[in-house]
Amino acid sequence: MNTPLSFIKIITYTLIFWFTPVLAQNVDTISSDDIEFTEITEDTSTSNDSLSVLDQQEKVAQALQGSTVKAGDETDISLWQIFINGLLFGFAAILMPCIFPMLPLTVSFFTKRAGTRARAIGQATIYGLSIIIIYVALGMLVTIFFGSDALNALSTNGIFNFLFFLLLVAFGASFLGAFEITLPSSFVNKIDAKSDQGGLIGIFFMAFSLALVSFSCTGPLIGTLLVDAASKGDRLGPAIGMFGFSLALAIPFALFALFPSLLNSLPKSGGWLNSVKVVLGFLELAFALKFLSNVDLAYHWDWLDREVFLALWIVIFGLMGLYLLGKLRFAHDSEPAHLSVPRTFFAIIVLSFVVYLVPGMWGAPLKSVSAFLPPSATQDFDLSTGITVPSTAAHGSSVKKKYAEIFHERGTPKGFDPYYDYQQALEVSRELKKPVLIDFTGWNCVNCRKMEANVWTEPRVRELLNNEFVMAELFVDDKTALPEEEQYVSTYSKKKINTIGKKWSDFQAATFNSNSQPLYVIVDGQGKVLVPPQGADYDPQNYIDFLQSGIKAFNK
């Protein structure tokens, strides 16, 4: 595997992107047709003690001034993340066996046909721009085909998430050599014939031919990128992702046209190209499990508990490590003459990651990957169960927790005992004279898991949450149907609110003008917002300051 340092960096960055979600912080937004927004029409037994919707929204608007929770900023961050993901996928695509050998051939073709270096640079630039136009158009077609509303629905829709899981498994199997995903040869041949034309049209169809011919290698990467971008719920996501992908793909062609001598530094094509493909196949399989976990949690299938998820990851990455060491080979692999230094380093990284995952089977928090794992509450065998979990009686309240049988055993981090109904939390707040911390969370919320594993586990944070607050944990993407008598039609969106998730998503959007998770809101027993709400912040001290400011405002 004679890969130069620059290409080693590309693969390393790709692996880091998958292994450490800290480097790719997601903004989890739950916004879809499956989630409707309305005014609050909850239990009216405490309505005399609560603010009216209009008064509440006015108070919230005042409290939100200067707050860091801004939907526009979140969208920008999400689109930037999708763009960066696209770049990473594009750089990985360059190392595919269908594309890498095309670099010297294509640049040499332009140099010979153009006659002069300046003209060759111009034609290569047009070639690169054509690649960008083709892939961005593909991203826009995805949005047009599904529609922006349908894209928003993908983030929590069980059918789509399960189909995404099956799709990524198929992509992974393709990379491992089970089969090739190809386009009809007649269509590819027609486009290739048009590339023989001169001028700009010929160059455009040359780029189109590259996209079609390389589809067996890039198809799974493109599909994974589009699935990830679409599941973010942003209608510009697929186009932005494809722009990043095509930009990374086009840069080498333009770069080598500008500096043809760099072609001499490229490593020779060989078995290492297929090795890159197989490694990406393992990563596809690991990533697919996240989509299956989303469905499993939201619909309470209870298939993929935390230790089952970890066991599958340990096996997948363990096999990847054995493959890198040459102990495992697939049909299209050539036997390596020796184990190269870069391949050895990658094997060390992967196997070290496997060793890091193993303690998680017994309840270790695994903070660096906690965002991708199912909630710690789903862990059946946990050596940390010695932690005392406060009970309802410990709070000094006899209120039986609503929805506790749904959320407590699988959703709530161990060591905490919140309420799962907003009105109940307000009742207990008035009874105990403590502020309420509303935690808008979700089964599929990546940043929620990171906050729970990295911030809530800090002793001072845990102490404040358990002793100074009445916690209300509201899951906005749960699919449990509400009893018939509690279902209603939203006066805000004119749609039916028939699940627990829709109820709390509706409440968050209508009252706090936000639909991102996590969102932490501190209110008093009347529902009055005490301090500006806060989203994900992974600095424990900042979160402590936020909690203490709420306590101080409540005591006033």
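User: What makes Cys445 and Cys448 a disulfide?

Analyst: This is a predicted model, and in it the sulfur atoms of Cys445 and Cys448 lie 2.1 Å apart. A pair of cysteine sulfur atoms counts as a disulfide within 2.5 Å, so the value of 2.1 Å meets the rule. By this rule the count comes to one disulfide. In general, a disulfide is a covalent bond between the sulfur atoms of two cysteines.

User: Which hand does the link of Cys445 and Cys448 have, and what is the angle about the S-S bond? Are these cysteines buried or exposed?

Analyst: The link of Cys445 and Cys448 is right-handed, with 80 degrees about the S-S bond. Both cysteines are buried, which means that each has under 20% relative accessible area.

User: Why is a set of residues called a nonpolar core, and how many residues has the largest one?

Analyst: The name applies because the residues are buried, belong to a list of nonpolar types, and are joined through side-chain atoms within 4.5 Å. The largest such core has 75 residues, and those with the most contacts inside it are Ile131, Phe245, Trp313, Phe317 and Leu357. Helix α12, residues 271-298, gives the most to this core, with 14 residues. A second, separate core of 32 residues includes Trp443, Leu474, Phe475 and Tyr488.

User: Leaving aside neighbours within four places in sequence, which residues is Ile131 in contact with?

Analyst: With those neighbours left aside, Ile131 is in contact with Ala207, Leu210, Ser246, Leu249, Ala250 and Phe253.

User: What caps the N-terminal end of α16?

Analyst: The cap is Asp421, which has a side-chain oxygen 3.2 Å from the backbone nitrogen of Gln423.

User: What covers the buried residues of α18?

Analyst: The cover includes β2 (436-441), β3 (470-475) and α20 (540-555), while the buried residues of α18 itself, which spans 459-468, are Val461, Arg462, Leu464, Leu465 and Asn466.

User: How do you know where the predictor's confidence is below 50?

Analyst: The pLDDT, the predictor's confidence in each residue, averages 77 over the chain, and 76% of the residues score at least 70. Over residues 1-73, however, the pLDDT is below 50, and over residues 386-394 it stays under 50 as well.

Definitions and conventions
Residues numbered from 1 in each chain as written. Heavy atoms only, no water. Buried < 20%, exposed > 50% of the residue type's maximum accessible area, 1.4 Å probe, protein only. Helix = DSSP H or I, 4+ residues; strand = E, 2+ residues; numbered from the N terminus. Contact = heavy atoms within 4.5 Å. Polar contact = N/O pair within 3.5 Å; in protein donor to acceptor, adjacent residues only side chain to side chain. pLDDT = per-residue confidence, 0-100.
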